[in-house]
Amino acid sequence: MRHFEVNWKSKILTPGFLLLVSLLLADINFGLLQSITPPQWLFCLVIALYLVFLLFHKHRQTNYLIFLVLFVAFISFAINHNQQDFSLKNSSVITIYPDQIKVSGNRMFGQGKADGKSVLVSTKISQMQKKELLSGYSLYLSHLQGEVKEIEPATNYGQFDAKKYYLSKNIKQKIELENCIITNKKQHFRDVAHHIRFCLQKYFAQMPPILSFFSSELVLGESPSQADQSILSNYRDLGVIHLLSISGLHVGIYTLVISTICYYLKLTEQETFAICLFILLIGIFLSNGQAGFIRASLTYILDQIFKFQKQKITHFDLLGLTYIIHLIINPCLMLNVGAILSYVLALGLELTTKLTSFKQSFALNCLLTPLLLFHFFQFNLLTVFFNLVVVPYFNWLVMPIVFLNLITFKLCPEISWCFENVLKTCEKLIAQVSASKLGLLTFGKINWWQCVMLTIFTAILLVFVNEQKLTKKSRLKAIVGIAVLYVMIFSSIHFPLTGQVTLIDVGQGDSILISTPFPRRVYLIDVGGKLNFSGQKTTPQVNKITIPFLKALGISKLNGVFVTHKDFDHVGDLRPLLEQVHVQKLYTAAGLIRNPSFIKRIVGQIKRDQVVELLAGQKVAEPQITFNVVYPFKPGLGKNEDSLSLTFVVKSKRWLFTGDLGQEGEKEIMNKFNIQADYFKLGHHGSRTSSNPDFLKALRPKLVFISAGRNNRFGHPHKETLDTLSNQHIPWASTQDCGMITWTYGYFSRPKFKRFVVVNQK
């Protein structure tokens, strides 16, 4: 490529060397960190061998440097991953920094340092301890009593993986304390820095809501509260979420402003660089090591150093060197989705330097699309146009207002409220466009090899287009070819040849998804819900589990939702589900619609003629599947004993779901219906009140399922129920141990079970 054709003065390094080494390290790092399958291992190995071949073939004089860089990177990786896990001892002490914890009610949770390792910490606190924690100074937690646990991975398809996220921050464990003593810590320079960051958090929290949100995002790289999630969602749906990331955009603005001021102050380039370096280091700390900010800062710093040394380096090699240093600093970098997107975006900018601004923006979106589909399952077709509108608004209105407000807020609060009203008007308009879902496409989660294939093909096309090595006809053919690949992948997701019955792991609750092969029909039995005992506003569980799962499958509407009864762990998240997903029919047990608490969950979200009440003996006949109602026999108010119970047959296998029905209800079903079920979900999460031994004998199930939360306060499943299963030699599987449990079937495939992850071993 022409980018590499420069006069390189160094006799050691040659153009392209650092880029190839960085790609090799990225490939190896990905293979070591990710839980990958044999085909993925083989792919990584092939790529690694090819890159090694290129390095030794084109850069023979730098062979020893290859080994040196790889050695340093592997030593860093080994030191990071071979550290012993933290264990509680009488002498154990946890250091708590004030800006890395949250206090809510009588609980404290956040991040701490134990034996030099970062850990998550949570504990109950007294009013005196709460006062100490909110003092803004670093503290010691000692005389620890509690339990050290591994951070759990995602247990559902499409769910955010907390284990990978925290591992990217070098956090592997969480400590749940029952008791501790909090003492003051002698304040050193690091503690003072954290105190300053804490003061900024407190300062921003006093601002009007929207100004507080943007200040926290743009300076600290964090959202101050759950209430701000709507703004994040709006920007995410429009495809402009990158504006809220502390990234290269901010580094460019900081350095430009500082350089301009220094120019008028007649400072030298070295003095200007020293000031920029100081400001960027402060920014890295304040942003809590945000990957995009570190990447952009390192790139700027290295570029200036090479200029001062009068050494030429290609932009590609500069990016490669940045990645190598960043990887040595943080060996778990490849687990950070934001870091991956940041580096791919930076690479894309270098691949499209000769394109116009509009074409470059379109090209970069095309390059990022496979990664967005792999991680977030949707993208906005109008992102380029939204960027043309929102980016100027953000650069010329939001950022000046936010940074001006940092100075004027205490001096003149009235001006802040004027700023707030301006931003509120603009954000309301953005929210309306986002709510319309204009251009938003729920594509579905693509496979890893589809992501790699689309990314590589797009990158190659961008190189040829940027170098003008393709005729218009050839360029059109290439674009059409990639578009056809997208259409084929989209069709395989939205018009599947397989269906499924999935017990979603919603913790202590129930939610079952049933889908049919093409033409796909999708149904839910219950939606789950988690009781909130803290009194603080929290994100509904359906937003974290069920909605991402549906998006990963490319599902944007449900043909029907069956609600078994009124308990919160079955119906608590119905309203947020109805707000986000179109539901054609809502099926309930007769009488539930007259329950005031249930009415509150659906009012304004679904029409009365969309609600269907059911009693035993009725059927819900749908294409490819028929749901038979076997309980209740009379209307009720939605108590456990009124649970809607359904049976259906797919691929010659009968399923039975009975909600929280107890043994008396099971006896009624047994007396009125002659049912034998291949697969049965135990009633009431495996409680001792279910299931009746005689009922199980009559069913003769091949396998039963239990949907219950890990370490739930009720002790589900109860030993009596498990003993009943054992005595009748009935195998069972629980979401506690397996996470999401899926049974797939299709036109051309055998039915099979798969569990998403093994969480607990029995």
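Buried means under 20% relative accessible area, exposed means over 50%, and partly exposed lies in between, with a 1.4 Å probe and protein chains only. On that scale, Arg 700 is exposed, with a relative accessible area of 56%. This is a predicted model, so local features need pLDDT of at least 70 and side-chain atom pairs count only at pLDDT 80 or more, while totals for chains, interfaces and linings use all residues. Residues are numbered from 1 along each chain as its sequence is written, and side-chain values use heavy atoms, with hydrogens and water left out.

**The open sheet**

- An open sheet is built from 8 strands in the order β15-β14-β12-β10-β9-β8-β23-β24, with mixed pairing.
- β15 (611–614) and β24 (752–755) stand at the edges with a single partner strand each, so one side of each has no neighbour in the sheet.
- On average, neighbouring strands of this sheet are turned by 20° against each other, direction ignored.
- Strands (E, at least two residues) and helices (H or I, at least four) are DSSP runs, numbered from the N terminus.
- Two strands pair if DSSP finds at least two bridges between them.
- Axes are lines fitted to C-alpha atoms, for helices over the stretch in contact, and angles run from 0 to 180 degrees between N-to-C directions.

**Strand β23 and its partners**

- β8 (residues 498–503) and β23 (residues 741–746) pair in the antiparallel sense over 6 bridges.
- Val 501 has Trp 743 in β23 as its bridge partner.
- Gly 499 stands opposite Tyr 745 in β23.
- β23 also pairs with β24, in the antiparallel sense, over 4 bridges.
- Here Thr 742 stands opposite Lys 754 in β24.
- β23 and β24 form a hairpin, with 5 residues between them.
- Is β23 buried or exposed? Buried: this holds for 6 of its 6 residues, so β23 is largely enclosed by the rest of the structure.
- Both faces of β23 are covered, with Ile 741, Trp 743 and Tyr 745 buried on one side and Thr 742, Thr 744 and Gly 746 buried on the other.

**The barrel**

- 5 strands make a closed barrel, running β1-β2-β3-β5-β4 with mixed pairing.
- From one strand to the next, the twist averages 40°.
- β2 (residues 107–114) and β3 (residues 117–124) run antiparallel and are joined by 8 bridges.
- Phe 109 has Ser 122 in β3 as its bridge partner.

**The second largest pocket**

- The volume of the second largest pocket is about 410 Å³.
- 19 residues line this pocket, and the closest to its centre are Val 219, Tyr 254, Leu 286, Phe 403 and Leu 406.
- α6 (189–205), α7 (209–220), α9 (248–264), α10 (269–286) and α15 (383–411) are the elements that give two or more residues to the lining.
- α9 gives the most, with 5 residues.
- The lining has 17 nonpolar, 2 polar and no charged residues.
- Nonpolar covers Ala, Val, Leu, Ile, Met, Phe, Trp, Tyr, Cys and Pro; charged covers Asp, Glu, Lys and Arg; the others, Gly among them, count as polar.
- On a 1 Å grid over the protein atoms alone, a pocket is an open set of points with protein on both sides within 12 Å along at least five of seven lines, and lining residues have an atom within 4 Å of a point.
- Grid points are joined across faces, edges and corners, and a volume is the space filled by probe spheres set on the points.

**His 250 in helix α9**

- His 250 is placed in helix α9.
- His 250 counts as buried, at 0% relative accessibility.
- Neighbours within four places in sequence aside, His 250 is in contact (heavy atoms within 4.5 Å) with Leu 218, Leu 243, Ser 245 and Met 399.
- His 250 and Met 399 are 149 residues apart along the chain, and their C-alpha atoms are separated by 9.6 Å.

**Backbone details in loops**

- A cis peptide bond, with omega about 0°, joins Phe 518 and Pro 519.
- Pro 519 lies in the loop between β9 (512–515) and β10 (522–525).
- The peptide bond from Tyr 631 to Pro 632 is also cis, with omega near 10°.
- Pro 632 is in the loop between β17 (625–631) and β18 (645–650).
- Arg 700 is not glycine, yet its phi is positive, near 50°.
- Arg 700 sits in the loop between α25 (693–699) and β21 (703–706).
- His 729, another residue other than glycine, has a positive phi near 55°.
- His 729 is in the loop between α26 (719–727) and β22 (732–734).
- His 729 is exposed, with a relative accessible area of 71%.

Terms used: 1 Å grid on protein atoms, 1.4 Å probe; cavity = no way out; pocket = protein on both sides within 12 Å on 5 of 7 lines; lining within 4 Å.
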